[in-house]
Amino acid sequence: MTPWSHESLSTCAVVDPYAAHHGDHAWSTPAQSCDDLDYFLPPPNPAHRLDYALTPHDEQRLALHAALTVAGIPPMPEDRAVIEQLSALPTDVNNTLQRWLHHAHPSPSVI
């Protein structure tokens, strides 16, 4: 029997058998063997942004989702209809609801 040796490994390249290969490369730069694959992404290009403005209703809905999540009450899929109705309320009502949720969130020193 031949003893195991790290010197018998051919290269230090890593092969991921579960990686999807669709013909196009997901990496912006090709990975070389033994390269560190941890690198910074390029900054976003403002010219590639979508020219889309959210309606006040959508902004309130997203803000309510965020406030609920921060308060430790992650919205469930069945809560969607209620969140839609709450988001349709006037802005001052929505802001008050978010303020209540913000104050309901326990501070880290209490936990």
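Helix axes are lines fitted to C-alpha atoms over the stretch in contact, and angles run from 0 to 180 degrees between N-to-C directions. Helices are DSSP runs (H or I, at least four residues), numbered from the N terminus.

This is a predicted model, in which local features need pLDDT of at least 70, side-chain atom pairs count only at pLDDT 80 or more, and totals for chains, interfaces and linings use all residues. Residues are numbered from 1 along each chain as its sequence is written, and side-chain values use heavy atoms, with hydrogens and water left out.

**Helix pairs**

Two packed helices are described by the angle between their axes and the distance between the axes.

| Pair | Crossing angle | Axis distance |
|---|---|---|
| H1 (residues 56–70) and H2 (residues 80–87) | roughly 125° | within 9 Å |
| H1 and H3 | about 15° | 9 Å |

H1 is therefore roughly parallel to H3, whereas H1 and H2 are oblique to each other. Angles under 35 degrees count as roughly parallel, over 145 as roughly antiparallel, 65 to 115 as roughly perpendicular, and the rest as oblique.

The crossing of H1 and H2 is right-handed, while H1 passes H3 in a left-handed crossing. A crossing is left-handed if the near helix is turned anticlockwise from the far one by less than a right angle, and right-handed if clockwise.

On the H1 side, His57, Gln60, Arg61, Leu64, His65 and Leu68 are in contact (heavy atoms within 4.5 Å) with Ile83, Glu84, Leu86 and Ser87 of H2. By class, this contact of H1 with H2 has 4 nonpolar, 4 polar and 2 charged residues.

Towards H3, helix H1 uses Gln60, Ala63, Leu64, Ala67 and Leu68, which meet Thr91, Asn94, Leu97, Gln98 and Leu101. The contact of H1 with H3 has 6 nonpolar, 4 polar and no charged residues. In these counts Ala, Val, Leu, Ile, Met, Phe, Trp, Tyr, Cys and Pro are nonpolar, Asp, Glu, Lys and Arg are charged, and the others, Gly among them, are polar.

**Two residues of H3**

Asparagine 94 is found in helix H3 (residues 91–104). Its relative accessibility is 1%, so asparagine 94 counts as buried (under 20% relative accessible area, with a 1.4 Å probe and protein chains only). Beyond its neighbours within four places in sequence, asparagine 94 is in contact with Gln60, Leu86 and Ser87.

Leucine 101 also lies in H3, and at 13% relative accessibility leucine 101 counts as buried. Leucine 101 and alanine 67 are 34 residues apart in sequence, with 6.2 Å from C-alpha to C-alpha. Not counting residues up to four places away in sequence, leucine 101 touches Leu64, Ala67, Leu68, Ala71 and Ile73.

Terms used
Buried means under 20% relative accessible area, exposed over 50%, partly exposed in between (1.4 Å probe, protein chains only).
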